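Please read the following report alongside the sequence and the model. It takes up selected features of the fold and of the side chains.

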Amino acid sequence: MGKYFGTDGFRGEANKTLTVEHAYKVGRFLGWYYHELSGNRAKIVIGKDTRRSSYMFEYSLVAGLTASGADAYLLHVTTTPSVSYVVRTEDFDCGIMISASHNPYYDNGIKLINNRGEKMDEKTISYIEDYIDGHVNLFGEEMDEIPFATRESIGCTVDYAAGRNRYVGYLISLATHSFRGMRIGLDCANGSAWMIAKNVFDALGAKTYVINAEPNGMNINNNAGSTHIEVLQQFVKDKHLDAGFAYDGDADRCIAVDDQGNVVNGDLILYIYGKYMKERGKLLNNTIVTTVMSNFGLYKAFDETGIDYEKTAVGDKYVYECMQKNGHRIGGEQSGHIIFSKYATTGDGILTSLKVMQVMLAKKMPLSKLTEPVKIYPQVLKNIRVRNKAEAQNDPDVRAAVEQVAGLLGDTGRILVRESGTEPVIRVMVEAETEEICEHYVNQVLDVIRAKGHVE
């Protein structure tokens with residue numbers, strides 16, 4: 001991770017840790033950099049979620065881009081995966097998504113996407129960070145500022161809602177079955193999916209019931225979406241729906257709810273679709289990519305089904321890198337970032353929900369039956385805000401507490417302590433035979449972190 005950019009972009013509270021000046025400088029650098037690389041006017045596409053500050057950051061980015069001579073194409077409110085799709089299919093130099101994903105409305109972020117629709121490489125991000133700090137050393141020149149475009153070289157802004165519409169058409173084209181007769185709930189988190197998801201499901205014939213699709217700039221993720229799945233669980237039960245799908249603020253993740261109102265998280269989605277791929281001979285390398293956060297029960301179910309797996313660090317970035325390096329076709333996170341490499345270069349919540357529907361319809365089975373073979377271990381994950389993540393995690397007493405818990409659990413569970421890539425937070429997770437054991441050991445470690453004075 002860099003000084004400003006974490007595992008999922010430059011994220012922070014709007015106009016505190018992430019300011020309009022930061023956004024302007026990101027635009028200034030990207031517009032100049034891509035022109036210098038190719039000698040042509042840079043062409044960059046921008047999407048945003050529904051946060052109040054997203055408009056402010058959009059205008060700042062556009063000012064920087066056009067001042068450096070780039071043309072800025074605006075998708076307006078849209079999903080992160082739609083920006084990725086448009087970049088890789090329509091010859092853009094790069095893409096920008098303005099979103100803080102599942103964070104509250106007062107946070108925001110700038111996610112950068114390369115011309116292949118993937119997360120931006122670390123080298124380019126390091127150049128941007130250098131420019132934010134006031135110096136550039138590139139293309140044989142060292143300077144404190146980059147030149148402004150003038151006269152006919154100044155860039156322009158293009159309304160590009162058509163790109164978003166083509167993405168919607170692409171999603172619809174991927175469906176293999178009609179959804180007619182299916183009663184589906186959608187929780188759009190008052191975020192990026194608020195129009196797109198319903199349009200896709202309606203076009204495929206589902207009877208669609210939508211909640212949290214009235215964004216007002218401040219209600220994104222507020223008791224809504226994939227981070228508050230209990231809302232959709234109750235909705236599915238109350239309406240007697242066949243299934244429900246909840247997205248996060250920028251719709252790059254999806255958590256499902258089955259016909260009984262049970263949560264179907266990313267682990268279970270990987271099992272359902274991975275097994276379906278294996279049955280059809282489509283699971284290349286017979287391998288599914290997971291992260292270290294995936295549940296013991298998932299791996300036991302994979303073993304019983306004869307499916308191999310790899311484990312990466314937490315972050316869809318690392319999942320995708322592993323998939324690309326080894327030619328794997330499916331991977332993801334428990335949190336609902338699922339990557340289908342045949343169809344996308346990033347997690348896509350709406351695509352994920354379509355793939356779950358495909359298995360239900362192809363096998364003529366309710367979602368609750370498809371997940372039955374997986375027996376999930378109880379898992380407790382708690383976050384604690386700290387002043388310095390590295391100091392807290394590397395504190396000798398904290399490390400000793402973690403090692404003690406690991407020894408006590410032995411082969412009956414595990415403990416995982418890690419830093420958040422996007423927040424000043426340490427995450428402590430324990431899996432064990434009962435929730436009471438998990439809770440006890442998580443609290444034991446958190447108490448040490450607090451006692452050592454690391455809490456913010």
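The report below describes a predicted model, beginning with a sheet and going on to salt bridges and a surface patch.

## A three-stranded open sheet

Three strands form an open sheet in the order β19-β21-β20, with antiparallel pairing. The edge positions are taken by β19 (379-385) and β20 (414-419), and because each of these has a single partner strand, one side of each is left without a neighbour in the sheet. When direction is ignored, neighbouring strands of this sheet are turned against each other by 15 degrees on average. Helix α15 (residues 435-451) packs on the sheet and touches β19, β20 and β21, its direction making about 15 degrees with that of β19.

## The pairing of β20 with β21

A hairpin of five residues connects β20 to β21, and six bridges join β20 to the antiparallel strand β21 (residues 425-431). Within this pairing, I415 has V430 in β21 as its bridge partner, while R418 stands opposite R427 of β21. Although β20 is an edge strand of the sheet, five of its six residues are buried, so β20 is largely enclosed by the rest of the structure.

## Salt bridges

The whole structure contains 26 salt bridges. One of them is formed by the side chains of K3 and D133, at 3.3 Å from N to O; since K3 lies in the segment before β1 (5-6) and D133 in the loop between α4 (122-132) and β7 (136-138), the pair ties together parts that are 130 residues apart in sequence. K3 is exposed, with a relative accessible area of 59%, whereas D133 is partly exposed at 37%.

A salt bridge also links D71 with R41, where the closest N and O atoms are 3.7 Å apart. Here D71 belongs to strand β4 (residues 71-77) and R41 to the loop between α1 (20-38) and β3 (43-48), so that distant parts of the chain, 30 residues apart, are linked. D71 counts as buried at 13% relative accessibility, and R41 is partly exposed at 35%.

In the salt bridge between D248 and R253, the N to O distance is 3.4 Å, and both partners are buried, D248 with a relative accessibility of 1% and R253 with 10%. Salt bridges with shared partners also join D8, R11, K111, K119, D250, D252 and D316 into one network.

## A nonpolar surface patch

Y105, Y106 and M218 make a nonpolar surface patch of about 280 Å². M218 is placed in the loop between β11 (207-211) and α7 (229-239), and its relative accessibility of 36% makes M218 partly exposed.

How values were computed
Residues are numbered from 1 along each chain as its sequence is written. This is a predicted model: local features need pLDDT of at least 70, side-chain atom pairs count only at pLDDT 80 or more; totals for chains, interfaces and linings use all residues. Side-chain values use heavy atoms; hydrogens and water are left out. Patches are made of residues with over 30% relative accessible area and no salt bridge: like charges are joined within 9 Å, nonpolar side chains (Val, Leu, Ile, Met, Phe, Trp, Tyr) within 5 Å. Accessible areas come from the Shrake-Rupley method with a 1.4 Å probe; for residues, only the protein chains shown count as cover. A salt bridge is a side-chain nitrogen of Lys or Arg within 4 Å of a carboxyl oxygen of Asp or Glu. Helices (H or I, at least four residues) and strands (E, at least two) are DSSP runs, numbered from the N terminus. Buried means under 20% relative accessible area, exposed over 50%, partly exposed in between (1.4 Å probe, protein chains only). Two strands pair if DSSP finds at least two bridges between them. Axes are lines fitted to C-alpha atoms, for helices over the stretch in contact, and angles run from 0 to 180 degrees between N-to-C directions. Contact means heavy atoms within 4.5 Å.
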